[in-house]
Amino acid sequence: TAIQAIKKPTKIQVLTSLTCTMCPDTVVAAQHIASLNNAISAEVYDVSHFGQLKDRYNVMSVPCIIINDGEKIEFGRKSVEQMLAIIR
């Protein structure tokens, strides 16, 4: 599958907030991808508890998807397919 075809080690960080209605879908997409490919990790952070990440990446809205410590930064709800397009 497209998920298993990714060979490059990839770190996905999803910055969220508890009141975000779009964040759960994005978190599920990232975690699903990571669960099917050992080269991919997915971490989730609540910006109210990780202000240093919010400041480091100038996060103005959530969900915020950070790939490989800032190699790519995307905002908004993402499906599995959209997440794969970002990390490829």
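Mentor: One term before we start: a contact here means heavy atoms within 4.5 Å. And keep in mind that this is a predicted model.
Trainee: What's the order of elements from the N terminus on?
Mentor: They run β-α-β-α-β-β-α, which gives 3 helices and 4 strands.
Trainee: And in what order do the strands sit in the sheet?
Mentor: The order is β2-β1-β3-β4, in an open sheet with mixed pairing. β2 (40–46) and β4 (72–75) are at the edges with a single partner strand each, so one side of each has no neighbour in the sheet. On average, neighbouring strands are turned by 20° against each other, ignoring direction.
Trainee: How do β1 and β3 run, and how many bridges join them?
Mentor: They're antiparallel, with 4 bridges between β1 (residues 10–16) and β3 (residues 64–67). L15 stands opposite C64 in β3.
Trainee: Which strands does helix α1 lie across?
Mentor: Helix α1 (residues 23–36) lies across β1, β2 and β3, and runs at about 155° to β2.
Trainee: Switching topic: how does the radius of gyration look against a compact globule?
Mentor: It agrees, because a compact globule of 88 residues would be near 12 Å and the chain has 12 Å. The C-alpha atoms fill a box of roughly 35 × 25 × 15 Å along the principal axes.
Trainee: What percentage of the residues is buried?
Mentor: Buried residues are 44% of the 88. As for the accessible surface, that's about 4,900 Å², with 55% of it from carbon and sulfur atoms.

How values were computed:
Residues are numbered from 1 along each chain as its sequence is written. This is a predicted model: local features need pLDDT of at least 70, side-chain atom pairs count only at pLDDT 80 or more; totals for chains, interfaces and linings use all residues. Side-chain values use heavy atoms; hydrogens and water are left out. Two strands pair if DSSP finds at least two bridges between them. Helices (H or I, at least four residues) and strands (E, at least two) are DSSP runs, numbered from the N terminus. Axes are lines fitted to C-alpha atoms, for helices over the stretch in contact, and angles run from 0 to 180 degrees between N-to-C directions. The radius of gyration is taken over C-alpha atoms; the globule rule is 2.2 Å times the number of residues to the power 0.38. Buried means under 20% relative accessible area, exposed over 50%, partly exposed in between (1.4 Å probe, protein chains only). Accessible areas come from the Shrake-Rupley method with a 1.4 Å probe; for residues, only the protein chains shown count as cover.
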